[in-house]
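Below is a short briefing on one protein model. It covers the fold, the disulfides and the contacts between charges and rings.

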Amino acid sequence: MALPLVIGIGIGVLIGDGLRPPAAEDTRTGTAPTARNEPVQLEYTDMPCDPGSSVLVLHSLEGAMSAEDVDVLLRYETMWVKHRENANPALRDQTALLTRRDDVCDAIVPDDPRFTQFVWIGPFQSAVAPSLCEALLKVVGKNCIPAQVVR
């Protein structure tokens, strides 16, 4: 009775293996991508704190978030900004940046000590910053905070 089940599973594996798509090939090198074994190294940037400028804070992160997840978030936000750059010229050549709590402008540091890293873009002129949230199709005050770096 178990023999038909084993045969069915074996046929399913053979058929399923034939349906599996081939590994994506890197068109630049002609090789299949390799699994990432080395740990992700995050690049941190000091936030510029020039009077009259603002940054768009996109995410306030807690320290428990893995470096791999932070990296995915940075790459996603950079991709989204590039996708939406035609909506406002000020978004051109912007990339999502990561800053540690100690390197964030004093006017932006939240009271809650759980937030240890910040994903942001900028700087921009303060008068323009709120409209950039709209250009990114984000909600001002929720997933896009136009923050003046000096108050």
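Are Cys133 and Cys144 buried or exposed? Both Cys133 and Cys144 are buried (under 20% relative accessible area, with exposed over 50% and partly exposed in between; 1.4 Å probe, protein chains only). The model is predicted: local features need pLDDT of at least 70, side-chain atom pairs count only at pLDDT 80 or more, and totals for chains, interfaces and linings use all residues. Residues are numbered from 1 along each chain as its sequence is written, and side-chain values use heavy atoms, without hydrogens and water.

**Fold**
- Three helices and four strands make up the protein (DSSP runs of H or I, at least four residues, and of E, at least two, numbered from the N terminus).
- Their order along the sequence is α-β-α-β-β-α-β.
- Of the 151 residues, 30% count as buried.

**Disulfides**
- The whole structure has two disulfides (cysteine sulfur atoms within 2.5 Å).
- Cys49 and Cys105 are joined with sulfur atoms 2.0 Å apart, and the link is left-handed at -100 degrees about the S-S bond.
- Cys49 lies in the loop between H1 and E1 and Cys105 in the loop between E2 and E3, so the pair ties together parts 56 residues apart in sequence.
- Cys49 is partly exposed at 34% relative accessible area, whereas Cys105 is buried at 1%.
- Cys133 is bonded to Cys144, S to S 2.0 Å; the torsion is about -75 degrees, so this disulfide is left-handed.
- Cys133 is in helix H3 and Cys144 in the loop between H3 and strand E4, eleven residues apart.

**Charges over rings**
- The charged end of Arg100 sits over the ring of Tyr44, 3.6 Å from its centre (NZ of Lys or CZ of Arg within 6 Å of the ring centre and within 35 degrees of the ring normal).
- Arg114 lies over the face of Phe115, 5.5 Å from the ring centre.
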